[in-house]
Amino acid sequence: MRLRRCRCCLLCKHNEPYKERQNAEIIAIALDLEADITTADFTGSTKAVTTALISAANSIAVGEAKRVLVCAADCRIGRPGSYLEMVSGDAAAAVVVGKEKLASIDGYHCVSYDFADIWRIDKDDFARSWEDRWIRDEGYTKFIAEAISKLLEKKKIDASEIAKVAYPCLYPREHPKIALSLGFSQERIQDPLIVTLGNTGNAHPLLMLAAALERVKKGSKIIVASYGNGSDAVLFTARENFPFSKSIGVSKKMSYRKYLAFRELLPVEKGMRGEDIAPTPVSVLWRNRREILALVGSKCRKCGTPQYPSQRVCVACRSQDLEPYRFADRRGRIFSLTEDYLAFSINPPAIYGIIDFEGGGRYWFDITDCELGELKVGMPVRMSFRRKDFDPRRRVYNYFWKAVPEVEG
Amino acid sequence: MIRDRVAIIGMGCTKFGERWDAGFEDLALEAFNEALDDAGIEAKDIQAAWLATCFDEVMSGKSGLPLANALKLPFIPITRVENFCASGSEALRGAVYAVASGACDVALAIGVEKLKDTGYGGLPEFGTVMGTRNRLIFPNLTAPGAFAMLATRYFSKYGLSSEKGREILARIPVKSHRNGAMNPKAHLRREITVEDVLNAPIIAWPLGLYDCCGVSDGAAAAIVVRAEDAKKYREDPIYIKAMQISASPGEELLYRWDGVHIETTLRAAERAYKEAGIENPRKEIDLLELHDCFSITELVTYEDLKISPRGEAWKDVENGFFELDGEIPCRTDGGLKCFGHQLVHPV
């Protein structure tokens, strides 16, 4: 699918990196989407993702958009020692809503309540919550049940017609009871992925949808409900046999100490070299936005040589006639590499190398999601959009592309 | 062509090292005084000066003014030049061209670098000096890391296991330390063994501590005149046979490079040999001083300078070709490795 034709980009995030500067825009430029699109951040609740999904479906239904990307990402950080810390996971998931149908959205029902089970004011780093028994009995079990039952009613469907029902698990014992009380049988309740992923906030409904789609046949109906200040229940029908068998990946294990350092919860020693990070010039970022955030270099119109970063004069034939050329979707191979213990890195040693792209072009990149000593010259990589660093003086999160080793075959 | 048109009549050089006692002014004066003594002239005889500093502008300030201030040079033209590790050569080039053109008769080239005021080991953080756009797309790389990629590639291309490759590289600093130990002005004056090199902490794989040169404070100066005037100053001037520099348009990292040589060195060497009339460097060169910032740099430079055949420098290293008693002794002063590296080491 040609993503550049995607019309909208919605981001659902609970702990969004920027309070001002739209986060969805950063995803849109990373994907090199055209500027004439609508973008929005949906935030503030863990049901923002289903709200975004419903908005996307509605804008398509009325013909305002042909394709809408809904990308959900959450890093919900609980205060160290809290229940939220124990049950939360970081995850992201994305779907494209459009006319080509893997699955259709056939209806929804939303219930919205100002139920302050968990809250965080603008000045807080961590959320607070009320007593769990109250959340469980007054909110969690009631809202999800209400949304799903009203949806069934609205669509005049019986629970027995639904192949999978999915909703997040806040309390393992109460989780199945919600569906069982509505007449679903135990085997139709989608595993809420709490053991493998934890609760991943806004990413969770989409992750459960993917997990459910992997397990049903063409024509099956699925209900996915979110939870957070109410609940949105959405009815899907699988229109094709789902082409992915492992649509959910779990990142490599990392020590919790490193995780805390990455999330800036543990003040690790950065050394004076780490303090000498130069301040970010935002106007430079804007002028070179496609180059930096969309990994667009140039290709010579005369001799066809792809080159990154973009050049004014072709390195191969010296022509000044070059066109934009995107590298982000291209596979590459490691030309050379090192593990650098001197360089400042939040995750030392800094692993980086020179990557040769399929079809031409070469540049040096950080290499990530790999173990020390496992990289070799010639290994295949793909490019991944990542946070590059944080500029503590100008308060800018910098994003760029890193190379991730791929298993061949 | 600059061949035989210019001569060096005096040189000076500070003790290199972690000169906690000395700032930019102290280092500049130390090298300058020695060069004047060596040439047998006075400060007022200098008609123009080229100052090379690279990272040091953070400490000393930009422009030629820091040199004029430190040495109290009397309103003569002073140009500050910078071209990374070729900065010192760049200063000399400016001075050489000036006397050759007749613009002046006696010119000074001086390189001064005070690196040990950053508060951390290694060169100053590249992120601050590589350009604002580059900082947003470069890995947070260091010099050891950048050159380590050369070693990774060299081992891979020539089928050397990392053990074998690291062992070959280890012989290079062992030689430099042996030479440096004899040089009273060298930064590092201690002999080491291959085992020391192999057992040292890794800085940027596959380069360990001893594969990397130190970062030193220091200054060096040369005074040049036209060749026909040189004998007025001394009986044994040094005549410049060739002087070439090459700047890369960046194609190594863009599309075409084997990753096991340094293209600028190769191009500059080819031009310099042509200028000097050297046809077979391996037979005609008697002594070699080259840029040995890392063991791997020295190894590939043997090949780029066409002393060793391509891909075979490691065999020359194994056979002791570049040792003090070998066929072409290399870095007899201890090299950047032990004499010290402050980026502007001009001569």
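Helices (H or I, at least four residues) and strands (E, at least two) are DSSP runs, numbered from the N terminus. The views show a predicted model, in which local features need pLDDT of at least 70 and side-chain atom pairs count only at pLDDT 80 or more, while totals for chains, interfaces and linings use all residues. Residues are numbered from 1 along each chain as its sequence is written, and chains are lettered from A and ligands numbered from 1 in the order in which they are written.

**View 1. Positive phi at A:Asn229.** The loop between strand 9 (221–225) and strand 10 (230–238) of chain A holds A:Asn229. Although A:Asn229 is not a glycine, its phi is about 50°. Most residues other than glycine have a negative phi. With 21 other C-beta atoms within 10 Å, A:Asn229 is buried (20 or more such atoms; exposed, 12 or fewer; partly exposed, in between; C-beta atoms are placed from the backbone).

**View 2. Positive phi at B:Lys72.** B:Lys72 is exposed, having 8 other C-beta atoms within 10 Å.

**View 3. Cis peptide bond between A:Tyr308 and A:Pro309.** Omega of this bond is about -5°. A:Pro309 belongs to the loop between strand 12 (306–307) and strand 13 (322–326) of chain A. Most peptide bonds are trans.

**View 4. Cis peptide bond between B:Trp205 and B:Pro206.** Here omega is about 5°. B:Pro206 lies in the chain B loop between strand 5 (202–204) and strand 6 (207–208).
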